[in-house]
Amino acid sequence: MFRKDLAARQLGIQLIEIAPGSAVMRMAVTREMVNAHDICHGGFIFSLADTAFAYACNSHDVIAVAQHCAITYLNPARCGDTLTAAATEVALRGRTGLYDVCVTAGQTRVAEFRGHSRRLDGTHLGDSPDPG
C-alpha cells in the first residue's frame, strides 16, 4: 500500500510501524507547511493523522476507506518539529471500524483524531493462487 501512496510520499510521511489494527507514521514539518500564524497548517496535521488511520484500518488485508473523520487540535506544531501519528483500533464489527489517532511532537500532544472506516470487498494482497 505504501508503495502506491503518492500523497503520503509527497508529504514526506514515513511508515514507522504497522500491525493488525495499528499503525505509526511520522512527518517532519517543513517551511512549506507553516501558515500565516507561523505554525503548521492544520490540514497537514490532519493528512498525517488520516494516513495513520488509513494504514491501521487496512492492516487486516481487507480494503477499507474513511466514512467519517474528526480532529481536535490541542497544541501547535512548528517548522522543524517531527510529528508522530499513532493509530489504534478501538472497535471492528462487520464492515465498520473505529480508530483513534494521537499526533504528537516529542512529548507534546498536538491533536486527537477519530476515524470511522467502512470495509469494502477485496483485499490488498489478493487471493492466494490455487496451488492445484
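One definition before you start: buried means under 20% relative accessible area, exposed over 50%, and partly exposed in between (1.4 Å probe, protein chains only). Residues are numbered from 1 along each chain as its sequence is written, and side-chain values use heavy atoms, with hydrogens and water left out. This is a predicted model, where local features need pLDDT of at least 70, side-chain atom pairs count only at pLDDT 80 or more, and totals for chains, interfaces and linings use all residues.

**Stop 1: colour by confidence.** pLDDT is the predictor's confidence in each residue, from 0 to 100. The protein chain has a mean of 93, with 94% of its residues at 70 or more.

**Stop 2: two positive phi values.** Most residues other than glycine have a negative phi. Select D38, where phi is near 65°, a positive value. D38 sits in the loop between β2 (22-28) and α2 (42-57); helices (H or I, at least four residues) and strands (E, at least two) are DSSP runs, numbered from the N terminus. D38 is exposed, at 52% relative accessible area. Then jump to D61, in the loop between α2 and β3 (64-73). Its phi is also positive, near 60°, but D61 is partly exposed, at 23%.

**Stop 3: salt bridges.** Side chains of opposite charge can pair when their charged atoms come close. Here a salt bridge is a side-chain nitrogen of Lys or Arg within 4 Å of a carboxyl oxygen of Asp or Glu. How many salt bridges are there by this rule? The count comes to three.

- Show R95 and D121, whose side chains meet in a salt bridge at 3.5 Å, N to O. This pair links distant parts of the chain, 26 residues apart: R95 is in the loop between β4 (82-93) and β5 (96-105), D121 in the segment after β6 (108-119). D121 is exposed at 66% relative accessibility, while R95 is partly exposed at 36%.
- Next, pick R114 and D100, bridged at 2.6 Å, N to O. R114 lies in strand β6 and D100 in strand β5, so the pair ties together parts 14 residues apart in sequence. R114 is partly exposed at 36%, and D100 is partly exposed at 25%.
- Finish on R109 and E112, which form a salt bridge at 3.1 Å, N to O. R109 is partly exposed at 45%, and E112 is partly exposed at 27%.
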